[in-house]
Each structure stands twice: as structure tokens, then as C-alpha cells.
Amino acid sequence: MSGMWQNWAGNQRTHPVRTVRAHDAGDVADAVRAAARDGLRVKALGSGHSFTAIGVSDGVAVVPPSAPDLLRVDTATGRVGVPAGMTLRTLNELLWAHGLALPNLGDIDAQTISGAISTGTHGTGAGFPGLAAQVVGARIVLADGSVVDCSAEHEPELFSVARLGLGAFGVLTEVILQAVPAFRLHAREAAEPLDAVLARLDELTADNEHFEFYWFPHTDVAATKRNNRTEAEGPTRGAMAEWVGDELVGNGGFAALCRAGRMLPGAVPRLNRVMAGQFAAGEYVDRCYRVFTSPRRVRFLEMEYAVPREALPEAFAGLRAAVDRHARAVMFPVEVRVAPADEVPLSTASGRDSAYLAVHVHRGQPHESYFGAVESVMVGLGGRPHWGKLHTRTAEYLRTAYPAFDEVVALRDKVDPERRFGNAYLERVLG
């Protein structure tokens, strides 16, 4: 197959020489060997939910296996072998049918599992690390076409980096996750004074399993979300309330307000105050994955940085100043989350408790000065950019941000000396 590919946001496009849809690891191995024969580079294609060019292919694009019948579930141990191209949305439903769930998720479920872990997708919660930390094994096709199963016990060096490897070490064909018994979440969403939330942030993150807040620029309101495990069955969210929250406010209505804000930038502060009050208001119980994730149909561009947890107050203050100078017409909220330290070498939370600050703009809206100003603040605090979200960092900076950076690059030299899995983005961030 051939043709143009573009990501979800529409800011990355490419025309691969050919695209291969793989049904199993053997198909991927054949595609890699054929690419080597033709002198082409190889990139795996996910759902295109990265804003960076991490998934852009200039040679052979491989769509990893995704068929539901490839899912392997061990209900006794909770370990699940997931075809790499399966989306989180499909996986969540299948896990629930087996009485299982993932312990934490981000707020979008359209990504493939391999794309999500390879870019460092995470949710929120002081005790819940990102998706890559839930990986206990993987099957990967290397540059010579060999198929390797790796884990902490077998090929541990490869496993350590391949579970969050930016696609630089090979093509994942299966990911083994440690699931947990299925659970429900009690969701409480409310608009609260921003200063009060900032003052109590340590308390809020300690008292709730999953806490986050959204701040709409030019307001003094924080839209807070508290999600905690429960045995209760209710209260439930009715169909009308769900439609109003997810569709009218979260998608259709928000898109209309974004268009209005671009035509009338002077009205943005007032529109944002209206949205802040409507964005988070409710209480309900539902399956965990339905609470963690929400539909996202309004297209946007995003940048996110992880800073040391203790630096969050300074980071947020700098971000607010950047908003005042460079984001007068921005309606998309700033998202603030937390995560514990993990041991994944290229994780943005590697070795340190982290706070995440994400900024967004409506697709087509200028973002360079806004994102650049925010990035300067985060870099000054030792921030680490999300691998799949817009940033301008290069290997020179990232080497100072990641203690194991040189070891990661050395392993890449070993397993892919010809850079079969490279592209322009990886050349920038890994050298």
C-alpha cells in the first residue's frame, strides 16, 4: 500500500514509500528485512495521536498486529499479551469482559498500546506511574529481522528501554501488561477557586487516588477532577448528562466557542469563565476506563512538560505569566497532573516524582510564541518534554535531563547501528 499519512492534529504529514499491514510478528520481520534490502528506514504507525514527528516515516510504514483474537489473557496472574496495534479503547473493553482493567490511564483512549507506551503516555495520581511502568514484557522485531521476547528476566537491557523506546529500537508486535481486577471509580468534578486549589495541592493529591485540574487562561477558576476507587454502583450519570458533558460542552459546544474566540479575541476571558464553570460539574460512578478517558474531537496542538514535583508552584507561576503575555486569545485550558517516580530510563518521571503541565491551542491558531515562552520556563526548572507533544529540545539538552541518556544511546548503537528505525525527529532528540 502507498499514499499520504497524517496525524490526528493534521500538523504532521508524510508519503511513505510503502505501508505494510502486519498480521503477526513474521509479517513485521519480513517488512524490516525487505526495507533493509531496499535501503529504506522503517517506522511503526499508531493512531497518529502524537503531535511531534516521532511516527513520521520516510520509507516503510508498518501497521503492527491488532486483531482481537491475538489477545492473550491469564486471569490467574492478571498478565495480558496485547497485540501492539490494538487501541486502548478496544483493550479496555476486552479487559473488562475478563474482569480486568489497567490501573491508570491517560484521558484519551484512541492510541495504540505500543504508541502510548513508546511516547510516555501517563495519567494522574501520586501513586500511579505511567503506562510504560505497567509493561512486564514485550516482543520486538530488531533491525536484522530477528524477533526477540524481552522482560526483566530475559534481555533485561533491551526490555528496560524498549517499553518506552520512542520506536528507536525496533517494531513492537506484542506488549505484556500487568492488569488488575476490574474496578469502578467515583468521579467528582467541580469548579473551585484557583488559588485555593494551588494552596492545597499537596493535600488534594494525597487524599485522592487520581487528582488533576484544568485552568482556563484569564480566569481565577480551576476545574478539578477527583477519581477514587469504590465498591458502590452509583450515582450513575444519565444519558442526557453524559451527552451534555462529553458532547455539548466537551466537543461540539467547545468547538463553537473556540471559533467565536478566534473571531472575537477580546471576548475570550469572558468565554473562558463561562467554560470553566461548565467544564467540571458533576458526580458519578462508572467503570474505571470510562471515567479516566473522554472523547476528544476538537482538534488541537499540545505541548507538555514534566518538572520535579516540588517545582510545580514556580512552574505554574511562570506559565501564568507566559499566558498573560502570549495567549490572550487562547481558550484551551492548561492541564495539571502528577505522577510518582519510576525506573523507566526515558520516562519523563524517571527517577523523580513529577508534575505535568500541558498547554493547548485550537488547531490552526498560532502557538509558537505561547509554547516557546512556556517551554523556556519549564527548561529553566529542568523540565522534560513529553516525547509525543510539541517541543524544541535536542539531544544536547536531553542528555542533561536524563541520567541514563548515554546508556540508552549506546544500546541503540548496538541494536540498530544503521538507524533502520530512525527518522528526523529521532535524529534531533537522540543524536
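**Helices, burial and loops in a predicted model**

Q: What covers the buried residues of α11?
A: The cover includes β17 (300–308), α10, β18 and β19. Cover is judged by contact (heavy atoms within 4.5 Å). Helices (H or I, at least four residues) and strands (E, at least two) are DSSP runs, numbered from the N terminus.

The model is predicted: local features need pLDDT of at least 70, side-chain atom pairs count only at pLDDT 80 or more, and totals for chains, interfaces and linings use all residues. Residues are numbered from 1 along each chain as its sequence is written, and side-chain values use heavy atoms, with hydrogens and water left out.

Q: Which residues of α11 are called buried?
A: Tyr370, Phe371, Ala373, Val374, Glu375 and Met378 are. Buried means under 20% relative accessible area, exposed over 50%, partly exposed in between (1.4 Å probe, protein chains only).

Q: How does the reach of α11 compare with the expected span?
A: Helix α11 covers residues 368–380, which is 13 residues. The expected span is 1.5 Å times one less than the number of residues. For α11 that gives 18 Å, and from first C-alpha to last the helix reaches 18 Å. The value is close to expectation. Just after α11, Gly382 takes a positive phi of about 75°.

Q: How does α10 do on the span test?
A: Helix α10 has 15 residues, 312–326. Its first and last C-alpha lie 20 Å apart, close to the expected 21 Å.

Q: What makes the buried residues of α10 line one face?
A: In α10 the buried set is Leu312, Ala315, Phe316, Gly318, Leu319, Ala322 and Val323. Viewed down the axis of α10, they fall within an arc of 165°, so they line one face of the helix. The arc uses directions from the helix axis to the C-beta atoms. On the other side of α10, Pro313, Glu314 and Arg325 are exposed.

Q: Why is Ser350 called buried?
A: Ser350 has 13% relative accessibility, so it counts as buried. Ser350 sits in the loop between β18 (334–339) and β19 (354–362). Leaving out residues up to four places away in sequence, Ser350 touches Asp342, Val344, Pro345 and Arg384.

Q: Why is Ser50 called buried?
A: The relative accessible area of Ser50 is 17%, so Ser50 is buried. Ser50 lies in the loop between β4 (42–44) and β5 (60–63). Leaving out residues up to four places away in sequence, Ser50 touches Asn7, Thr119 and Gly388. Ser50 and Lys389 are 339 residues apart in sequence, with C-alpha atoms 6.0 Å apart in space.

Q: What are the accessibility values behind the burial of Cys150 and of Cys288?
A: Cys150 has 3% relative accessibility and counts as buried. Cys288 has 1% and counts as buried.

Q: How do you know that the chain agrees with a compact globule?
A: For 431 residues, a compact globule would have a radius of gyration near 22 Å; the chain has 21 Å, which agrees. The radius is taken over C-alpha atoms, and the rule is 2.2 Å times the number of residues to the power 0.38. The C-alpha trace spans about 60 × 45 × 40 Å along its principal axes.

Q: What makes up the chain overall?
A: Its secondary structure comes to 14 helices and 20 strands. Of the 431 residues, 58% are buried. Among contacts with a separation of 6 or more, 73% join residues 24 or more positions apart.
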